[in-house]
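Please consult the sequence and the coordinates alongside the text.

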Amino acid sequence: HALRGATVVDLGCGTGRDVFVLAQLVGPEGHVHGVDMTDEQLAVARGTASWHAERFGFAHANTSFHQGFIEDLRSLGIADA
């Protein structure tokens, strides 16, 4: 699959639904960063990360959620490219 092992950034990830779908596509060797400015949305995403990891059979180490603005990814520690 073309995304297997890739690093993906979901801008405006909300509750993380797309992050968890993408996590399945990149597999355990890839990583998906979800970025949202809303603490409440990120709380839902973080609160369901373990369930998704268990359900789909890989460590939730392949997803991470960041609170911040999509215009300033560098301040979140997400490198260019």
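In which strand is histidine 31 found? Histidine 31 is found in strand β2.

## Basis of the description

The model is predicted: local features need pLDDT of at least 70, side-chain atom pairs count only at pLDDT 80 or more, and totals for chains, interfaces and linings use all residues. Residues are numbered from 1 along each chain as its sequence is written, and side-chain values use heavy atoms, with hydrogens and water left out.

Helices (H or I, at least four residues) and strands (E, at least two) are DSSP runs, numbered from the N terminus. Buried denotes under 20% relative accessible area, exposed over 50%, and partly exposed the range in between (1.4 Å probe, protein chains only).

Strand β2 covers residues 31-36, and six of the six are buried, so the strand is largely enclosed by the rest of the structure. In a regular strand the side chains alternate between the two faces of the sheet. Both faces of β2 are covered: on one side His31, His33 and Val35 are buried, and on the other Val32, Gly34 and Asp36 are buried.

Strands count as paired if DSSP finds at least two bridges between them. Strand β1 (residues 7-11) runs parallel to β2 and is joined to it by five bridges; within this pairing, valine 8 stands opposite valine 32. β2 also pairs with β3 in the parallel sense, over five bridges. Here valine 32 stands opposite threonine 63, and histidine 33 stands opposite serine 64. β3 is mostly covered, with four of its five residues buried.

β1, α1 and β2 make a right-handed β-α-β unit. A crossover is right-handed if, with the strands pointing away from the viewer, the path from the first strand over the helix to the second runs clockwise.

Histidine 31 is buried, with a relative accessible area of 18%. Its side chain makes a polar contact with the side chain of serine 64 at 2.9 Å. A polar contact is a pair of N or O atoms within 3.5 Å; within protein, one must be able to donate a hydrogen and the other to accept it, and residues adjacent in sequence count only if both atoms are side-chain atoms. Not counting residues up to four places away in sequence, histidine 31 touches (heavy atoms within 4.5 Å) Ala6, Thr7, Val8, Val26, Ala61, Asn62, Thr63 and Ser64.

Threonine 63 lies in strand β3 and counts as buried at 10% relative accessibility. Leaving aside neighbours within four places in sequence, threonine 63 is in contact with Val19, Phe20, Ala23, His31 and Val32.

## Nonpolar core and aromatic pair

The largest nonpolar core has twelve residues: Val8, Cys13, Val19, Phe20, Leu22, Ala23, Val26, Val32, Leu42, Ala45, Ala49 and Phe65. Such a core is a set of buried Ala, Val, Leu, Ile, Met, Phe, Trp, Tyr and Cys residues joined through side-chain atoms within 4.5 Å. Helices α1 and α2 (39-56) each supply at least two residues of this core, and the largest share, five residues, comes from α1. Valine 19 touches Asp10, Cys13, Val32, Gly34, Thr63 and Phe65, not counting residues up to four places away in sequence.

A search of the whole structure finds one aromatic pair. The ring centres of phenylalanine 20 and phenylalanine 65 are 5.7 Å apart and the planes lie at 65°, so the pair is edge-to-face. Phenylalanine 20 belongs to helix α1 (residues 17-26) and phenylalanine 65 to strand β3 (residues 63-67), so the pair ties together parts that are 45 residues apart in sequence. Both phenylalanine 20 and phenylalanine 65 are buried. By definition, rings of Phe, Tyr and Trp (its six-membered ring) pair if their centres lie within 6.5 Å; planes under 30 degrees apart count as stacked, over 60 as edge-to-face and the rest as tilted.

Glycine 14 is found in the loop between β1 and α1 and counts as buried at 11% relative accessibility. Leaving aside neighbours within four places in sequence, glycine 14 is in contact with Asp36, Gln41, Leu42 and Ala45. The C-alpha atoms of glycine 14 and aspartate 39, 25 residues apart along the chain, are separated by 9.3 Å.

Arginine 74 lies in the segment after β3 and is exposed, with a relative accessible area of 60%. Its C-alpha atom is separated by 22 Å from that of threonine 15, 59 residues apart along the chain.
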